[in-house]
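I opened this notebook to record what I looked up in the structure.

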Amino acid sequence: ATNQVSISIDASRPGPVISKNVYGQFAEQLGTGIYGGMWVGTKSNIPNTRGWRNDVVGALKALHVPLVRWPGGCFADTYHWRDGVGPQDKRPSNISDGRVEEINAVGTHEFFDLIDMLGADAYINGNVGTGSVQEMADWVEYMTADGGSPLARLRARNGHAKPFKVAYFGIGNELWGCGGNLKPDYYANLYSNYENFLRAPGNSRPKMIASGGSGFDTAWTDVLSKELKGRTVGISVHQYTIAGTTWEGKGKDLGFKEDEWISTLANTLKMDQLIKDHVAVLDKHDPEKKIGLMIDEWGTWYDEAGARSALYQQNSLRDALVAALNFHIFHAHAERVPMTTIAQMVNVLQAMILTDNEKMVLTPTYYTFQMYVPFQDARSLPLAIKDNTSYTLGATTIPGVSASASLAKDGKVYLALVNTDPHKAVDVAVDVAGAKVNAAAGKVLTSAAMDAHNTFQNPQVIKPAAFSARAAGGKLSIKVPAKAVMVVALEE
Ligand code: AHR
C-alpha cells in the first residue's frame, strides 16, 4: 500500500527568485578534474576545441551551467596566475599544493575560453595563502582593465584584447585551514587590505567574496559580516556530506548498505539548519540583506578507494537524491543564498561527469542538475506538505517526501519531488491555488539499486525516464517511486 501525501502550492504569491547561480559548479586544478577530464590539449586524439574535450563541453552545455568557480579550492592559495599566461610551451611546471603536478597549460585565457563555450559566468578565486596583494591586484587588472594599462596590453599580446568579465572574485579559500590556518579577525583585516587594492573599471569590478568558516562554525560569519560591511557581497561556507560519522570513516561511494543510505540523506538534510545558523548571524549584522551566504563547496565526499585517488569517486542514485535535497533547501533560502557551486564538475567528488581517457559517462548527479534547469532564475512558490510520510531505519528518521515548487521563466509551475524511502512508493496529491492544473509532465530518476550508477562499460544503467500524470475526478495525484527524484511541469 502507498501513503497519501498532500502538497498545496500557492502560485498567486511568488517568493524570491532562485538565482541561476545556485546551480553553479566548482572546477579545481586537482586530480583529473581539469587535466584529462576536461582539458586534453590540442594535440590529443580526443576530439577537442582549442584543447577542451568536445564530449564534456557538449554535455555540460545541456546543464546551462551558470557559473564556474576556478582554480580552487586549496589550489587557489598556491596558484600564481603569471605561470598560466603567455605561450603554453614556455609555461613552468610546478608542484602546486603537493597534490598534483601543475603543468599550467590551463590558465586564465583557457579558463575563459571554456566558460565562453559554456555560456557561464566566471567566479575566480585568488591567492591569499602564498600570494601578495600586488599579485592579486595585478591579476584583477590583467583580466578587467580596458586599456591604458600595461597589464591590459600584456593580455592583448597574449591573445585577448577585450577584457574578460569576472562576475565574482573570491579573496582566498578556507583560510581557517589549507588557506593559512588563520583566525577570523586576522583574515578580516587581510581581506580589507586585499579588497582595497583590487582595482577594476567601475562597471566591470567583480563582486568580492570573503572566505568564511567550515560547516556549522559561524564565528567567521560573525566577524566577517560585522567587519566587512560594504566590502563584500558574500561570505562563503563549505559543507560536505559524508555517509559515516567521522572524517576518517566517510563511507564508500558504492556497495553501501541501507544504514549508509539513510545516514547520507540525514546528514545532507543538515544543510537546512546550517544555513539557518549562518543566516541568524547575518540577520544580526546585516539586516539589509546585502551579504549573501555563498555555499561554494558542497556535495558528497566518500573514502578514497582503488587506483584512482585524488578525490575521484563514483556517483550513484544516492548522490542524485543528495543533490535534489540540497536544491530544495537552497530554494527555501533563496533570499540569502544567491550562489552555490557543487564540488566538483568532472572526476572529483560529487561530479557531473566521469572520464577515462576517451570515454565519458554522465552521472546521476548530472541528470539531477539537468532536470532542475527550469528552477534557474525561477520565482520560488510557497508550498505546504500535509500528512508527509517518514522514513525510518534504526534510530534515524527523515521526512519521506521533500518538495519544492517554482514559477519558471517559461510561465509554467514546476514541482520537484524526492522520495527518500528506498522501499515504498508514495502518492502525492497536488493542488495549486491561483492556477488550474490537471496534468503533470516531466522526468523521474530512479533505479532498482540504491547505488545504481553508470560505468564506462555500462553508461546507461541510470538515466531519467519520462513521467506524466492526469487528474481524475478533479484531483491530480502523482505516484513517486521509491528512492526517486522527480521534476514535473504542472499543466492545465
Ligand atoms: O573540493 C576539494 C577541497 O575541499 C578544496 O580544495 C578545499 O577548498 C576543500 O577542503
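In which loop is the place of Lys289? I looked it up in the predicted model and found Lys289 in the loop between helix 8 (271-285) and strand 13 (292-300).

**Entry 1. Backbone exceptions.** I noted that Lys289 has a positive phi of about 60°, although it is not a glycine. Most residues other than glycine have a negative phi. Lys289 is exposed, with 11 other C-beta atoms within 10 Å. I then turned to Asn181, not a glycine either, whose phi is positive at about 55°. Asn181 sits in the loop between strand 10 (166-171) and helix 5 (184-197). Asn181 is exposed, with 10 other C-beta atoms within 10 Å.

**Entry 2. Ligand shell.** I listed the residues around the ligand: Glu28, Gly72, Gly73, Cys74, Asn173, Glu174, His238, Glu297, Ala343, Gln344 and Leu349. By class, I recorded three nonpolar, five polar and three charged residues in this shell. I checked the peptide bonds here as well, given that most peptide bonds are trans. The bond from Gly72 to Gly73 is cis, with omega near 15°, and Gly73 belongs to the loop between strand 6 (67-70) and strand 7 (94-95). The bond from Ala343 to Gln344 is cis, with omega near -5°. I placed Gln344 in the loop between strand 14 (339-343) and strand 15.

**Entry 3. Domains.** I found the chain divided into domain 1 (3-11 + 380-491) and domain 2 (18-376). Their C-alpha centres lie 29 Å apart. Across the boundary, 34 residues of domain 1 are in contact with 37 residues of domain 2. On the side of domain 1 that touches domain 2, strand 21 gives the most, with four residues. I classed that side as 17 nonpolar, twelve polar and five charged residues.

**Entry 4. Core.** I looked up the largest nonpolar core, which has 139 residues; Leu415 and Met486 have the most contacts inside it. Helix 9 gives the most to this core, with ten residues. Both domain 1 and domain 2 give residues to this core, so it lies between them. Leaving out residues up to four places away in sequence, I found that Met486 touches Ala416, Leu417, Gly442, Val444, Phe467 and Val480.

**Entry 5. Helix 10.** I found helix 10 (residues 364-371) mostly covered, with seven of its eight residues buried. The buried residues pack against helix 9 (317-332), strand 15 (353-356), strand 16 (359-362), strand 24 (439-445) and strand 27 (484-491).

Technical notes: Residues numbered from 1 in each chain as written. Predicted model: local features only at pLDDT ≥ 70, side-chain atom pairs only at ≥ 80, totals over all residues. Buried ≥ 20, exposed ≤ 12 C-beta atoms within 10 Å, placed from the backbone. Helix = DSSP H or I, 4+ residues; strand = E, 2+ residues; numbered from the N terminus. Contact = placed C-beta atoms within 7 Å. Domains from an automatic or database assignment. Nonpolar A, V, L, I, M, F, W, Y, C, P; charged D, E, K, R; others polar. Core = buried A, V, L, I, M, F, W, Y, C linked by C-beta atoms within 7 Å. Near = placed C-beta within 6 Å.
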